[in-house]
Amino acid sequence: MAKRVHQPREDAEFDFILGMSRVPVLAYFTGTWPKAIEPCRAMDLVVGGIADEYTGRLTAVRTDITRCPAATERYGITGAPSLVLLTEGEAVAHRTGPTTTTEVRKFLDDHL
């Protein structure tokens with residue numbers, strides 16, 4: 001995972017990152033149950049590259065569903081991996097399931 005991707009340990013830390021970010025936040029929700037592990041690991045590479053590529057334009061946050069249950073519920077996360085683009089804490093776009101770097105770029109560029 002890229003150094004530019006924040007990894008909150010709990011909901012309070014997730015909320016702190018959201019509050020401190022002056023740019024949109026790409027919240028990447030991950031899971032640790034057997035069917036989610038491999039797709040989430042693959043997305044780690046995608047999100048890490050995106051975080052580096054979009055430096056200064058967004059803040060990337062890798063959010064473990066079990067560690068941040070309030071954030072998971074707040075943004076209606078029902079599966080992992082999921083991406084939510086947040087502007088001032090409000091969800092402006094949502095995508096569930098593994099995806100490619102090209103698709104994430106399009107997802108972001110359509111909303112940034």
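Me: In β4, which residue is the bridge partner of leucine 26?

Reply: This is a predicted model, in which local features need pLDDT of at least 70, side-chain atom pairs count only at pLDDT 80 or more, and totals for chains, interfaces and linings use all residues. Residues are numbered from 1 along each chain as its sequence is written, and side-chain values use heavy atoms, with hydrogens and water left out. Strands β2 and β4 pair in the antiparallel sense over five bridges, where pairing requires that DSSP finds at least two bridges between two strands. Within β4, the bridge partner of leucine 26 is leucine 85.

Me: In what order do the five strands form the open sheet?

Reply: Strands are DSSP runs of E with at least two residues, helices are runs of H or I with at least four, and both are numbered from the N terminus. β1 (5-6) and β5 (90-96) stand at the edges with a single partner strand each, so one side of each is left without a neighbour in the sheet. The pairing is mixed, and the order of the open sheet is β1-β3-β2-β4-β5.

Me: Which residue in β3 stands opposite valine 25?

Reply: β2 and β3 run parallel and are joined by six bridges. Together with helix α2 (residues 34-53), these two strands make a right-handed β-α-β unit, right-handed meaning that, with the strands pointing away from the viewer, the path from the first strand over the helix to the second runs clockwise. In β3, the residue opposite valine 25 is threonine 59.

Me: Which elements do the buried residues of α4 pack against?

Reply: In helix α4 (residues 101-109), Val104, Phe107 and Leu108 are buried. They cover an arc of only 95° around the axis, which puts them on the same side of α4, the arc being that of the directions from the helix axis to the C-beta atoms. Thr102 and Lys106, on the other side of α4, are exposed. With contact taken as heavy atoms within 4.5 Å, the buried residues of α4 pack against β2, α2, β4 and β5.

Notes. Buried means under 20% relative accessible area, exposed over 50%, partly exposed in between (1.4 Å probe, protein chains only).
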